[in-house]
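Biologist: I am new to this structure. Please show me how to read its features.

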Amino acid sequence: MAQIAVELPTGSTTVSGDWVPGTNGETVVIAHGAGAGKDHPFLTGFAGALSELGFSTLRFNFPYVEQGRRMPGPATHAIATWHAMVEFAREQHPTGTMWAAGKSYGGRMASMAAAEGLAVDGLAYLGYPLHAPGRPEKPRAEHLPTISVPQLFIEGTNDPFIQPLSQFESVVAGCQDARVVWVEGGGHTFEVKGRKAPASDIGASLAPFIVEFSRTAGIDG
């Protein structure tokens with residue numbers, strides 16, 4: 001585990017990161033959701049499956065998790081952390097392809113960083129939280145059409161954060177380069193009613209979508 005420096009608007013801090021080098025020339029930087037840190041089984045399963053597929057991976061905590069707090073800090077802090085994590089990953093692998101992936105909140109913060117110039121080749125959202133459940137009148141989508149790199153939305157069809165689906169599909173259609181992979185019956189953590197599976201297995205099951213995305217985004221062959 002590495003302690004990675006982050007320059008926040010309020011001063012310097014460090015966050016924990018787990019770097020695992022791969023073999024295929026591509027890196028996935030992975031952020032956690034609002035309610036869990038980098039070591040949640042969903043993320044370790046996802047990262048482990050990517051490693052088996054040859055990707056380098058970097059899982060990291062946002063500063064509020066490092067400080068022992070449950071609620072996310074300001075978006076500016078998360079955005080600064082994303083920039084620092086990508087810079088760290090670039091130092092480990094200067095010439096490789098770089099993808100940013102995040103569960104829910106972590107993915108949304110990646111998108112906000114990308115709208116401000118985060119230096120990645122594409123974004124993958126593991127359950128993008130378009131709005132709070134039951135609050136579709138307050139979508140978190142204004143910045144998404146400004147993102148020029150490819151965006152992949154991996155979404156459960158029963159995720160309450162993207163209902164109604166017609167609104168979500170309209171948002172995706174308004175992006176410059178975006179596509180959706182649907183997990184039929186999946187909720188916000190991709191759980192499917194009546195189908196029990198460990199969180200680590202569910203996370204691992206999403207890794208092949210990143211492989212396909214890297215190819216169809218025109219980066220990997």
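Modeller: We go from the whole chain to single residues.

Modeller: This is a predicted model: local features need pLDDT of at least 70, side-chain atom pairs count only at pLDDT 80 or more, and totals for chains, interfaces and linings use all residues. Residues are numbered from 1 along each chain as its sequence is written, and side-chain values use heavy atoms, with hydrogens and water left out.

Biologist: How many helices and strands does the chain have?

Modeller: Helices (H or I, at least four residues) and strands (E, at least two) are DSSP runs, numbered from the N terminus. The chain has 7 helices and 8 strands.

Biologist: What does the radius of gyration tell me?

Modeller: The radius is taken over C-alpha atoms, and the globule rule is 2.2 Å times the number of residues to the power 0.38. For 221 residues, a compact globule would have a radius near 17 Å; the chain has 16 Å, which agrees. Its C-alpha atoms fill a box of roughly 40 × 40 × 35 Å along the principal axes.

Biologist: What share of the residues is buried?

Modeller: Buried means under 20% relative accessible area, exposed over 50%, and partly exposed in between (1.4 Å probe, protein chains only). Buried residues make up 51% of the 221 in the chain.

Biologist: Which residues does S16 touch?

Modeller: Contact means heavy atoms within 4.5 Å. S16 lies in strand β2 (residues 11-20). Leaving aside residues up to four places away in sequence, S16 touches M1, A2, Q3, K38, R59, F60, N61 and E66. S16 is buried, with a relative accessible area of 7%.

Biologist: Which side chains make polar contacts with the side chain of S16?

Modeller: A polar contact is a pair of N or O atoms within 3.5 Å; within protein, one must be able to donate a hydrogen and the other to accept it, and residues adjacent in sequence count only if both atoms are side-chain atoms. The S16 side chain makes one with the side chain of Q3, at 3.0 Å. Another, of 3.0 Å, joins the side chains of S16 and E66.

Biologist: Where is the cis peptide bond?

Modeller: It joins Q163 and P164, with omega about 0°. P164 sits in the loop between β7 (151-156) and α5 (165-173).

Biologist: What is the phi of S104, and what is that of F190?

Modeller: S104 is not a glycine, yet its phi is positive, about 50°. S104 is in the loop between β5 (97-103) and α4 (105-115). F190, also a residue other than glycine, has a positive phi near 70°. F190 lies in the loop between β8 (178-183) and α6 (199-205). S104 is buried at 12% relative accessible area, and F190 is buried at 5%.
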